[in-house]
Amino acid sequence: VGARVEAQFAKASAWYPGRITAVHGDGRLDIAYDDGDSETKVKRRYVRPLAGAAMQAASQPHVDVAAVAHHQDTESDGERVSRVAEDGGATKVGHAVASMVELKGILRARGDSPKALFDSFKKDGRDFVTDTDLRNGARRLGLDLPPAGDEESGMALVASIDTTGTGQISEDDFIKFVSSAHEGDAELGRLWERLRTSFEGLCHGAPAKYGSGSPGLMDALWKKYDKQRGGVVDAGRIEKGLGKMTFDPPMSAGAVAALVERFHSPSGAGVDYIRLVSWLCAMPAKKVDRVAKQSSKALRGRVEASLGAPLASLTGEIAADAGRAQQLLEAVVGSP
């Protein structure tokens, strides 16, 4: 007790100086931070000796700070897997995002080029990585990502890297994931989790206005920042809009800047809003297929009602009659 240490407050990526104030029977520690905050029952893996601090083993028989450092240095990838599974986010999505932060650390520690790492994850003959590829590749490194079957977790895994919402991680996005210096709430996965949760709350608060699910979320995002659907939004507008939203804890300026940087329009002006919305509104492949079938069925019903007959019975008539074909076109896309 009394040893000077650094600890990851609330399991964040940053380290904060403080002092051990108590030791529990299970080895967990109470920490009083220099900035006035405190935590109880912090696991040793989140604690390390403060650089330059003297080891005070003689005065703390229950805590060997050098042992804390040794535990961190020798912790295997498999042990880190257990740590993420045990201490992951409060939600399944938070757990998935925390797992991806863990994966990023493992990949960077290997020292291989990001391109070589990407090649080791993707299947031969493909130029992208899927959530299944992520799980398989991580498992080879000793890290078990959340299993397949949970749609939200799967989306969070991919959204921590992919910025297109397609579920296919490109080489460029993978390289940026491994190479990015952004940490904490500026991590892409954490941005996705917080923004998606906040905007979904907006949809739930006004279901009649926006609808539900990913389609409703997409509608809300377009109405909020780009009603004309031009596809490019001024970065200042995004920053101002996010500044008005309530996040707990508040979103840092660095996180907002990281978001704008990552989705900067190729044209050089503003934010590529199409890509940003697609990323935030990603849907699992099975759900995409289901929505597409539902949309197709609804469109077919509308067209048949307009034409007054089933489409199957009009095939020959439409092929032979230009006027009937025009009527079909107007039923689908509307009158000019």
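**Terms and basis of the model**

Two strands pair if DSSP finds at least two bridges between them. Strands (E, at least two residues) and helices (H or I, at least four residues) are DSSP runs, numbered from the N terminus. With these terms, V23 has L29 in β3 as its bridge partner.

The model is predicted: local features need pLDDT of at least 70, side-chain atom pairs count only at pLDDT 80 or more, and totals for chains, interfaces and linings use all residues. Residues are numbered from 1 along each chain as its sequence is written, and side-chain values use heavy atoms, with hydrogens and water left out.

**The chain as a whole**

The chain contains 16 helices and nine strands. Of its 336 residues, 39% are buried; here buried means under 20% relative accessible area, exposed means over 50%, and partly exposed lies in between (1.4 Å probe, protein chains only).

The accessible surface of the chain is about 17500 Å², and carbon and sulfur atoms account for 53% of that surface. Such areas come from the Shrake-Rupley method with a 1.4 Å probe; for residues, only the protein chains shown count as cover. A contact means heavy atoms within 4.5 Å. Among contacts between residues at least 6 apart in sequence, 56% join residues at least 24 apart.

Strand β2 (residues 16-23) runs antiparallel to β3, and five bridges join the two. Together β2 and β3 form a hairpin with five residues between them, and G27 in the turn has a positive phi of about 95°.

Strand β3 (residues 29-33) also pairs with strand β4 (residues 38-42), in the antiparallel sense over three bridges. Within this pairing, I31 stands opposite E39 in β4. The hairpin of β3 and β4 has four residues between the strands, and G36 there takes a positive phi near 105°. Strand β3 is mostly covered, with four of its five residues buried.

**Nonpolar cores**

In soluble globular proteins, nonpolar side chains tend to be buried together. A nonpolar core is a set of buried Ala, Val, Leu, Ile, Met, Phe, Trp, Tyr and Cys residues joined through side-chain atoms within 4.5 Å. Which residues have the most contacts inside the largest nonpolar core? They are L134 and W279, in a core of 54 residues. Helix α3 (residues 92-110) provides the largest share of this core, seven residues. Apart from it lies another core, of 10 residues, including V5, I31, Y33 and V42.

Residues up to four places away in sequence aside, W279 touches A159, D162, T163, T164, G165, L188, L191, W192, L195, L259 and F263.

**Helix α5 and its surroundings**

Helix α5 (residues 131-140) has D133, L134, R135, G137 and A138 as its buried residues. These buried residues pack against α3, α4, β6 (128-129), α6 (151-159) and β7 (169-170). Just after α5, G142 takes a positive phi of about 90°.

R140 also belongs to helix α5. Is R140 buried or exposed? R140 is exposed, with a relative accessible area of 55%. Leaving aside neighbours within four places in sequence, R140 is in contact with S120 and F121. The C-alpha atoms of R140 and F121 are separated by 9.7 Å, and the two residues are 19 apart along the chain.

**Aromatic pairs**

The structure holds four aromatic pairs. Rings of Phe, Tyr and Trp (its six-membered ring) pair if their centres lie within 6.5 Å; planes under 30 degrees apart count as stacked, over 60 as edge-to-face and the rest as tilted. One aromatic cluster is formed by F118, F121, F174 and F177.

**Salt bridges**

Side chains of opposite charge can pair when their charged atoms come close. A salt bridge is a side-chain nitrogen of Lys or Arg within 4 Å of a carboxyl oxygen of Asp or Glu, and a search of the whole structure finds 12 of them.

One of these joins D119 to K115, with the closest N and O atoms 2.7 Å apart. Both residues lie in helix α4 (residues 114-121), four residues apart, about one turn of the helix. D119 is partly exposed at 34% relative accessible area, and K115 is partly exposed at 36%.

In the salt bridge of D185 with R194, the closest N and O atoms are 3.7 Å apart; R194 is buried, at 15% relative accessible area. R275 forms a salt bridge with D272, the closest N and O atoms being 3.6 Å apart, and D272 counts as buried at 14%.
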